[in-house]
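This report describes one protein model, from its overall build to its core and its charged pairs. The sequence and structure come before the details.

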Amino acid sequence: QVHLVESGGGLVQPGGSLRLSCAASGFTFSSWTMGWFRQAPGKEREFVAAVTWSGVISPYYADSVKGRFTISRDNAKSTVYLQMNSLKPEDTAVYYCAARPRTTSKYDYWGQGTQVTVSS
């Protein structure tokens with residue numbers, strides 16, 4: 001059975017940092033692309049970042065977070081991370097971890113989400 005469990009959310013002031021973690025189990029982690037998405041109140045869920053591993057780590061980002069967020073993965077721990085720096089109030093959302101096979105575009109598995117609130 002597949003499980004994706006996010007942690008690390010919370011309340012942070014503008015300009016602050018948070019690191020989200022997503023622990024995965026139930027599938028061959030290293031063979032899958034891992035992504036982070038977010039959904040703010042009243043808005044649709046949007047892509048944040050993703051990382052593929054095929055011998056080398058290949059990350060990619062939404063323009064809105066490029067240069068501020070860093071996605072990484074530890075295949076030995078079956079965990080993906082999202083380091084978020086220079087946080088802005090508009091980054092406030094529920095952040096979701098997701099997994100898809102490298103060869104497809106559809107994310108098959110999703111975590112339950114973790115709340116990130118950026119406010120003074």
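The protein exposes about 6,200 Å², and carbon and sulfur atoms supply 49% of that area. These values come from a predicted model.

**Overall build**

The secondary structure comes to 11 strands and zero helices. With 120 residues, a compact globule would have a radius of gyration near 14 Å, and the 14 Å of this protein agrees with that. Along the principal axes, the C-alpha atoms fill a box of roughly 40 × 25 × 25 Å. Of the 120 residues, 44% are buried. Among contacts with a separation of 6 or more, 55% are between residues 24 or more positions apart.

**Nonpolar core**

The largest nonpolar core has 29 residues. Those with the most contacts inside this core are Met34, Trp36, Val80, Leu82, Met84 and Tyr95. Two or more residues each come from β3 (18–25), β4 (32–39), β5 (46–53), β7 (69–74), β8 (79–84), β9 (93–101) and β11 (114–118). Leaving aside residues up to four places away in sequence, Val80 touches Met34 and Trp36, and its other partners include Leu20, Cys22, Phe29, Val51, Ile71 and Cys97. Val80 also touches Ser21, Ser72 and Arg73.

**Charged pairs**

Side chains of opposite charge can pair when their charged atoms come close. The structure holds five salt bridges, including those in the table.

| Salt bridge | N to O distance |
|---|---|
| Glu46 and Arg38 | 2.6 Å |
| Arg38 and Asp91 | 2.9 Å |
| Asp91 and Arg68 | 2.7 Å |

Arg38 lies in strand β4 and Asp91 in the loop between β8 and β9, so their pair ties together parts that are 53 residues apart in sequence. Asp91 also pairs with Arg68. Because Arg68 lies in the loop between β6 (57–61) and β7, this pair ties together parts that are 23 residues apart in sequence.

Which of these residues are buried, and which are partly exposed? Asp91 is buried, at 0% relative accessibility. Arg38 counts as buried at 5%, and Arg68 is buried with a relative accessible area of 11%. Glu46, with a relative accessible area of 36%, is partly exposed. Through shared partners, the salt bridges join Arg38, Glu46, Arg68 and Asp91 into one network.

Notes
Residues numbered from 1 in each chain as written. Predicted model: local features only at pLDDT ≥ 70, side-chain atom pairs only at ≥ 80, totals over all residues. Heavy atoms only, no water. Core = buried A, V, L, I, M, F, W, Y, C linked by side-chain atoms within 4.5 Å. Buried < 20%, exposed > 50% of the residue type's maximum accessible area, 1.4 Å probe, protein only. Helix = DSSP H or I, 4+ residues; strand = E, 2+ residues; numbered from the N terminus. Contact = heavy atoms within 4.5 Å. Salt bridge = Lys/Arg side-chain N within 4 Å of Asp/Glu carboxyl O. Rg over C-alpha atoms; globule rule 2.2 N^0.38 Å. Areas by Shrake-Rupley, 256 points an atom, 1.4 Å probe, with all protein chains shown as cover.
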